[in-house]
Amino acid sequence: TLDQQLAAIRAVDRAKVAPGIRAISGTPTNEVLAMVAANRARSLPGHVFWYAEGLYDDLPALQANYFQAPAAIPQRPAGWRPAPIVREENHPTTTATAGFPLGSMAAASGGQARLSLPAATAADAVTFTLPASEAGLWSLLVHVPATAGLATAAPHVAAHGGGTELQFWNQALAANLGWQELGTCWLPLGNAVVQVRGAPGQSVAADAVALLRSRFSSGPMQVAGSGTPGSAGGLRISLLGRACVGGLLRWQGNQLPPQAPLVWLLGFQPANTPLFGGQLLLVPAASTFALADGAGVAALALPLPFDAGLHGLSLYGQLAALDAGAPGGVGLSPAAFTVLP
């Protein structure tokens, strides 16, 4: 039926057609190979195999006969996705305090990792510097070695284009071992910084971190203005995820007083209005109330609908929280914002 289908398609559109190939269990490998040959004989750009489980038996023959060279991803320029950028614990740009000595570890990336001492404090840290080779959306990865007795709440701080994110990683959980994604963030051309901090009374592993260019599109994410002082050093904010139609954005505030009442302010326009000894940096269009958790962290997820009218829209977020150490008893974060492409 392939030629019957192609007869209904304009010649100019054939470069967009990738025919389906029946590769279910029981289909002889020679038939799968013949279907690939039929597509190539008609100068079609690729194939869709149905389905993966049945294809496993055919892979050796397909690799031997047809798929020896990498294929370009459709509608992407060659080399669009750079190789992962990896930084180990012993890289020249990685720094560590005395509370994180270097040691050999069979399950570690590269065979070595830094493991915090029992007396390490929250001020002890291993700091990784990751150079982004181009501005865009990147996946931020961390490697956790399979070693007994690791921390159940290892603090990871990531500074990126959209602010500063704090996560507590359970390194004792089997599902969290190996390479794991901390999140997807926007990075300008330059450096991202990931810091693995000590957790008093726990053993924290600092092994390796990496950046992997995301295949998804997103608008740039940035931080504007500055927050006010506070009892934990001043509120921080971050914006990460996918800033695009159909994407999911995630705002996070950290360095909040534990269990503090707070309000998320969202808007579409910037502002610079004096408020509580700081600046209200947006024109509020919506707000929502919440409580910080016991670690002084609060997050807000914002799904973006599939609506073409959102293209070009600016989104701003800012956080205000009760804080006895802030001017007027209310702390303000900087603003995080993006423009949807």
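The lining of the largest cavity comprises, by class, 7 nonpolar, 4 polar and 1 charged residues, where Ala, Val, Leu, Ile, Met, Phe, Trp, Tyr, Cys and Pro count as nonpolar, Asp, Glu, Lys and Arg as charged, and the others, Gly among them, as polar. The model is a predicted one, in which local features need pLDDT of at least 70 and side-chain atom pairs count only at pLDDT 80 or more, while totals for chains, interfaces and linings use all residues. Residues are numbered from 1 along each chain as its sequence is written, and side-chain values use heavy atoms, with hydrogens and water left out.

Rolling a probe the size of a water molecule over the atoms shows where empty space is left. On a 1 Å grid over the protein atoms alone, a cavity is a set of points where a 1.4 Å probe fits but cannot get out, and a pocket is an open set with protein on both sides within 12 Å along at least five of seven lines; lining residues have an atom within 4 Å of a point. A volume is the space filled by probe spheres set on the points, which are joined across faces, edges and corners. The structure holds 1 cavity of 30 Å³ or more, and the volume of the largest cavity is about 80 Å³. Its lining includes Leu140, His156, Val157, Ala158, His160, Glu165 and Cys185. Two or more lining residues come from each of strand E9 (154-160), strand E10 (163-169) and strand E11 (178-187), strands being DSSP runs of at least two residues and helices (H or I) runs of at least four, numbered from the N terminus. Strand E9 gives the most to this lining, with 4 residues.

The second largest pocket holds about 270 Å³ of space. Its lining consists of 14 residues, of which Leu166, Phe168, Arg197, Gln255 and Ala295 lie nearest the centre. By class, this lining divides into 10 nonpolar, 2 polar and 2 charged residues.

Ser214 is located in the loop between strand E14 (208-213) and strand E15 (221-224). A polar atom of the Ser214 side chain lies 3.1 Å from the backbone nitrogen of Phe216. Not counting residues up to four places away in sequence, Ser214 touches Trp80, Arg81, Leu137, Trp138, Ser139 and Thr184, contact meaning heavy atoms within 4.5 Å.

Gln259 occupies the loop between strand E17 (248-254) and strand E18 (261-275) and is partly exposed, at a relative accessible area of 48%. Residues up to four places away in sequence aside, Gln259 touches Leu291, Ala292, Asp293 and Gly294. The C-alpha atoms of Gln259 and Leu322, 63 residues apart along the chain, are separated by 9.7 Å.

Rings of Phe, Tyr and Trp (its six-membered ring) pair if their centres lie within 6.5 Å, with planes under 30 degrees apart counted as stacked, over 60 as edge-to-face and the rest as tilted. By this rule, the count comes to 3 aromatic pairs. The rings of Phe49 and Phe67 have centres 6.5 Å apart and planes at 90°, so this pair is edge-to-face. The pair links distant parts of the chain, with Phe49 in strand E2 (residues 48-50) and Phe67 in the loop between helix H4 (59-65) and strand E3 (85-88). Phe49 is partly exposed at 21% relative accessible area, as is Phe67 at 33%. The rings of Trp50 and Tyr51 also form an edge-to-face pair, because their centres are 6.0 Å apart and their planes stand at 65°. Trp50 counts as exposed at 60% relative accessibility, whereas Tyr51, at 30%, counts as partly exposed.

Methods: Buried means under 20% relative accessible area, exposed over 50%, partly exposed in between (1.4 Å probe, protein chains only). A polar contact is a pair of N or O atoms within 3.5 Å; within protein, one must be able to donate a hydrogen and the other to accept it, and residues adjacent in sequence count only if both atoms are side-chain atoms.
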